[in-house]
Every structure is written in C-alpha cells, then in structure tokens.
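This report describes one protein chain for a reader who is new to structures. Please look at the sequence and the model before reading on.

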Amino acid sequence: MAIVFNDKSDDFYERLLQITRNDENEIVLNYLGYEEDTYVIDKTNSSKIIDLIYGHNKQ
C-alpha cells in the first residue's frame, strides 16, 4: 500500500506500507525500508482486517 504524505512546505513524498499476518493471526505493519520498526495490531482488530482482506477469518 502506498501512502502519500504532505509536509509543511507542500512537498509530497510517498512511503510503502507492508501489511503481513504473523503466526498468531495478528496484523503486522511496517514501512518498506524501515523493517526494524514494526507495529502489531491486536488479535481482535486484526481479525476485522483479515476478514476485510480475505473475506473470512482464517484462524
């Protein structure tokens, strides 16, 4: 997923967001190029995203 940011000088830049699922069925987010910084979404909210992406919850 590409996210476009606008800084205060009206310059636009883009970052690519990687969305993956771990073995515990939690969604893991990180920006490409910044893989050491990850964000894990709790299982309850991850299941909602998994349902949206896959059409059903694979647990």
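Across which strands does helix α1 lie, and at about what angle to β4 does helix α1 run? Helix α1, residues 43-54, lies across β2, β3 (27-31) and β4, and runs at about 85° to β4.

## Basis of the model

This is a predicted model, in which local features need pLDDT of at least 70 and side-chain atom pairs count only at pLDDT 80 or more, while totals for chains, interfaces and linings use all residues. Residues are numbered from 1 along each chain as its sequence is written, and side-chain values use heavy atoms, with hydrogens and water left out.

Helices (H or I, at least four residues) and strands (E, at least two) are DSSP runs, numbered from the N terminus. Axes are lines fitted to C-alpha atoms, for helices over the stretch in contact, and angles run from 0 to 180 degrees between N-to-C directions.

## The sheet

Strands of a sheet pair through backbone hydrogen bonds, either parallel or antiparallel. Here 4 strands form an open sheet in the order β1-β2-β3-β4, with antiparallel pairing. Two strands pair if DSSP finds at least two bridges between them. At the edges are β1 (2-6) and β4 (39-41), each of which pairs on one side only. From one strand to the next, the twist averages 30°.

Strands β1 and β2 (residues 12-21) run antiparallel and are joined by 5 bridges. Phenylalanine 5 has tyrosine 13 in β2 as its bridge partner, and asparagine 6 stands opposite phenylalanine 12 in β2. The hairpin of β1 and β2 has 5 residues between the strands, and aspartate 10 in this hairpin takes a positive phi near 65°.

## An aromatic pair

A search of the whole structure finds 1 aromatic pair. Phenylalanine 5 and tyrosine 31 form this pair, which is edge-to-face, at 6.4 Å centre to centre and 70° between the planes. Rings of Phe, Tyr and Trp (its six-membered ring) pair if their centres lie within 6.5 Å; planes under 30 degrees apart count as stacked, over 60 as edge-to-face and the rest as tilted. The pair links distant parts of the chain, since phenylalanine 5 is in strand β1 and tyrosine 31 in strand β3, 26 residues apart.

Phenylalanine 5 counts as partly exposed because its relative accessibility is 25%. Tyrosine 31 is also partly exposed, with a relative accessible area of 21%. Buried means under 20% relative accessible area, exposed over 50%, and partly exposed in between (1.4 Å probe, protein chains only). Arginine 15 lies over the face of tyrosine 31, at 5.2 Å from the ring centre; a charge sits over a ring if NZ of Lys or CZ of Arg is within 6 Å of the ring centre and within 35 degrees of the ring normal.

## Buried polar residues

Serine 46 is in helix α1 and is buried, with a relative accessible area of 0%. A polar atom of the serine 46 side chain lies 2.7 Å from the backbone nitrogen of isoleucine 27. Not counting residues up to four places away in sequence, serine 46 touches Asn25, Glu26, Ile27 and Ile41, where contact means heavy atoms within 4.5 Å.

Asparagine 25 is found in the loop between β2 and β3. Asparagine 25 is not a glycine, yet has a positive phi of about 60°; at 12% relative accessibility, asparagine 25 counts as buried. Asparagine 30, in strand β3, is buried at 4% relative accessibility. Leaving aside neighbours within four places in sequence, asparagine 30 is in contact with Leu16, Leu17, Gln18, Glu35, Asp37 and Thr38.

Terms used:
Polar contact = N/O pair within 3.5 Å; in protein donor to acceptor, adjacent residues only side chain to side chain.
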